[in-house]
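Please look over the sequence and the 3D structure shown here before reading on. The briefing is meant to be read with both in view.

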Amino acid sequence: MKFDIIGDIHGCHKEFVQLTKKLGYSWEQGLPKHPNGRQLVFVGDLTDRGPRSLEVIRIVHKLVIQEKEAHYCPGNHCNKLYRFFLGNKVQISHGLETTVAEYEDLSSADRTAIRHQFMELYESAPLYLQLDNNKVIVAHAGIREDYIGKFNQKVKTFVFYGDITGETHPDGSPVRRDWAQHYKGKSLIVYGHTPVKEPRKINSTINIDTGAVFGGKLTAFCYPEQEIVSVSSSMPYVPEKFRSFDD
């Protein structure tokens, strides 16, 4: 099986359509379908901050749950939206406010439908994806070698947030260790979560969150070819949201 792994979409529906078309997918039936049977893989954080989060949910739900032609693992924003839909007390901030605003504009019937679709998608998703006999692992914020095959709370925190120290930067964002720099595993880890200006390859890892929602690019990693395909974002550029590394 051949896969096209898509970085954090964050409600950037327009860029998602453009990227899939560039990858050779047809939208004739209202869903991206590849003539050669390639499958899309979503690295999490489908929603928040961008303009059309709910439409992204609808499409991914249809592809993954109904058509069974795509794969999805959740990110930290997905987890927060899930807790919101459960009725838990969460802060409507850090991008969730845009998704909630879209949701509150819907009719009662449409709210019920999109809530059901997202919760079904989230509840049926693995914490991370193990593809091609574990040759490639797709995890939202990455995964340590010794965590592969495990699904406990420690692993969940790492997969959603990265290797956090418990400290915070002045802007409130968590301080994260550069786990990828120390990764020695055989499995190729494809992840997102931390916006970078260009896909970051180090050891057997690649970060494909190129900050579509912050005016960067939406990026796909084509496997097994290991090719990068990107489209430019239509969103305003926010340079301070991109992380640089000193490797």
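Predicted model: local features only at pLDDT ≥ 70, side-chain atom pairs only at ≥ 80, totals over all residues.

Residues are numbered from 1 along each chain as its sequence is written, and side-chain values use heavy atoms, with hydrogens and water left out.

**The five-stranded sheet**

- Five strands, in the order S4-S5-S8-S10-S9, make up an open sheet whose pairing is mixed; here helices (H or I, at least four residues) and strands (E, at least two) are DSSP runs numbered from the N terminus, and two strands pair if DSSP finds at least two bridges between them.
- At the edges of this sheet are strand S4 (129–131) and strand S9 (200–202), each of which pairs on one side only.
- From one strand to the next the twist averages 15°, where axes are lines fitted to C-alpha atoms (for helices over the stretch in contact) and angles run from 0 to 180 degrees between N-to-C directions.
- Strand S8 (residues 188–191) and strand S10 (residues 205–207) run parallel and are joined by three bridges, and Val-190 stands opposite Ile-206 in S10.

**Strands S1 and S2**

- Strand S1 (residues 3–6) runs parallel to strand S2 (residues 39–42), and four bridges join them.
- Phe-3 has Gln-39 as its bridge partner in S2, while Ile-5 stands opposite Val-41 in S2.
- In a regular strand the side chains alternate between the two faces of the sheet.
- From S1, Phe-3 and Ile-5 point one way and Asp-4 and Ile-6 the other way, and all are buried; buried means under 20% relative accessible area, exposed means over 50%, and partly exposed lies in between (1.4 Å probe, protein chains only).
- From S2, Gln-39 and Val-41 point one way whereas Leu-40 and Phe-42 point the other way, and all of these are buried as well.

**The largest pocket**

- The largest pocket holds about 860 Å³ of space; on a 1 Å grid over the protein atoms alone, a pocket is an open set of points with protein on both sides within 12 Å along at least five of seven lines, a cavity is a set of points where a 1.4 Å probe fits but cannot get out, and lining residues have an atom within 4 Å of a point.
- For these volumes, grid points are joined across faces, edges and corners, and a volume is the space filled by probe spheres set on the points.
- The largest pocket is lined by 26 residues, of which Arg-49, Ser-173, Pro-174, Arg-176 and His-193 are the closest to its centre.
- Helix H3 (76–86) and strand S7 (174–177) each supply at least two residues of this lining, and H3 gives the most, with four residues.
- By class, the lining of the largest pocket divides into five nonpolar, ten polar and eleven charged residues; Ala, Val, Leu, Ile, Met, Phe, Trp, Tyr, Cys and Pro count as nonpolar, Asp, Glu, Lys and Arg as charged, and the others, Gly among them, as polar.

**The cavity**

- The structure holds one cavity of 30 Å³ or more, and about 110 Å³ of space lies in the largest cavity.
- Of the 16 residues that line the largest cavity, Arg-177, Trp-179, Tyr-191, Thr-194 and Arg-243 are the closest to its centre.
- The lining of the largest cavity has six nonpolar, four polar and six charged residues.

**Single residues and their contacts**

- Gln-117, found in helix H5 (residues 108–124), counts as buried because its relative accessibility is 18%.
- Leaving aside neighbours within four places in sequence, Gln-117 is in contact with Arg-58 and His-61, where contact means heavy atoms within 4.5 Å.
- Asp-163 has its place in strand S6 (residues 163–168) and is buried, with a relative accessible area of 15%.
- Not counting residues up to four places away in sequence, Asp-163 touches Phe-158, Val-175, Arg-176, Arg-177 and Trp-179.
- Glu-227, in strand S12 (residues 227–232), is partly exposed, with a relative accessible area of 46%.
- The C-alpha atoms of Glu-227 and Asp-4 are separated by 9.4 Å, although these residues are 223 residues apart along the chain.
- Ser-234 lies in the segment after S12 and counts as partly exposed at 48% relative accessibility.
- Ser-234 touches Lys-14 and Glu-15, not counting residues up to four places away in sequence.
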